[in-house]
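My plan is to look things up one by one and write down what I find.

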Amino acid sequence: MRKDRIKSSPREEAAELAALADLPDDAIDTSDAPELADWPKARRGLFYRPVKQPLTLRLDAELIAWLRANATPDERYQTRSNRVCELM
């Protein structure tokens with residue numbers, strides 16, 4: 001952290017974050033940071049990897065068949081099952 005930066009208290013930070021969360025999207029000025037539609041050099045999971053825990057789980061064969069049939073090259077059926085669980 002830079003020395004010339006003013007430290008704020010957790011209460012002040014919480015109040016500022018709450019005020020920002022209450023702003024409608026069209027009230028936020030993003031002109032200095034235009035949206036990028038294409039990220040050609042982006043690499044997923046380069047710095048963060050969630051902790052995985054080995055688990056034995058018995059699922060219906062039809063469910064596994066559906067997950068495998070709907071898998072993509074970027075997202076295997078195990079990852080797809082994780083995403084399904086996140087939605088619950």
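I start with a term that I need: a salt bridge is a side-chain nitrogen of Lys or Arg within 4 Å of a carboxyl oxygen of Asp or Glu. I also note that this is a predicted model.

**Entry: salt bridges**

How many salt bridges does the structure hold? I find 2 salt bridges. I looked up the general idea too: side chains of opposite charge can pair when their charged atoms come close.

I took Arg80 and Glu75 as a pair. They form a salt bridge, and their closest N and O atoms are 2.6 Å apart. I then went to Arg83. Glu75 forms a salt bridge with Arg83 as well, with the closest N and O atoms 2.2 Å apart. I put these together: a network of salt bridges links Glu75, Arg80 and Arg83.

Are Arg80 and Glu75 buried or exposed? I note that both are buried. Glu75 has 10% relative accessibility, and buried means under 20%, so Glu75 counts as buried. Arg83 gets another label. Arg83 is at 32% relative accessibility, so I list Arg83 as partly exposed.

**Entry: helices**

I read the chain from start to end. The secondary structure comes to 3 helices and 0 strands. Along the sequence, I write the pattern as α-α-α. Helix 1 covers 10–22 and helix 2 covers 61–69. Helix 3 takes in residues 77–86.

**Entry: residues in helix 3**

Where is Tyr77 found? I place Tyr77 in helix 3. Tyr77 has a relative accessible area of 24%, so I mark Tyr77 as partly exposed. I checked a distance from here. Tyr77 and Ile64 are 13 residues apart along the chain, and their C-alpha atoms are separated by 7.9 Å.

Asn82 is in helix 3 too. Its relative accessible area is 37%, so Asn82 is partly exposed. Along the chain they are 48 residues apart, and 32 Å separates their C-alpha atoms.

I went back to Ala14, which is found in helix 1. Ala14 is at 46% relative accessibility, so I write down partly exposed. From Ala14 to Met88 I count 74 residues along the chain, with 28 Å between the C-alpha atoms.

Which loop holds Leu23? I find Leu23 in the loop between helix 1 and helix 2. Leu23 has 36% relative accessibility, so Leu23 counts as partly exposed. Leu23 and Gln78 are 55 residues apart in sequence. In space, I get 38 Å for that pair, C-alpha to C-alpha.

**Entry: a nonpolar patch**

Which residues make the nonpolar surface patch? I list Leu55, Leu57, Leu59, Leu63, Trp66, Val84 and Met88. The patch has an area of about 780 Å².

I followed up on Met88. Met88 lies in the segment after helix 3.

**Entry: the whole chain**

The C-alpha trace spans about 60 × 30 × 30 Å along its principal axes. The radius of gyration is 21 Å, but a compact globule of 88 residues would have one near 12 Å.

What share of the 88 residues counts as buried? I note 3%. The chain exposes about 9500 Å², and carbon and sulfur atoms supply 55% of that area.

I find 15 positive and 16 negative charges in the chain. Their mean positions are 13 Å apart.

**Entry: recap**

I keep two items for review. The chain has 3 helices and 0 strands.

Notes. Residues numbered from 1 in each chain as written. Predicted model: local features only at pLDDT ≥ 70, side-chain atom pairs only at ≥ 80, totals over all residues. Heavy atoms only, no water. Buried < 20%, exposed > 50% of the residue type's maximum accessible area, 1.4 Å probe, protein only. Helix = DSSP H or I, 4+ residues; strand = E, 2+ residues; numbered from the N terminus. Patch = residues over 30% accessible without salt bridge, like charges linked within 9 Å, V, L, I, M, F, W, Y side chains within 5 Å. Areas by Shrake-Rupley, 256 points an atom, 1.4 Å probe, with all protein chains shown as cover. Rg over C-alpha atoms; globule rule 2.2 N^0.38 Å. Lys, Arg positive; Asp, Glu negative; His and termini not counted. Charge placed at Lys NZ, Arg CZ, Asp CG, Glu CD.
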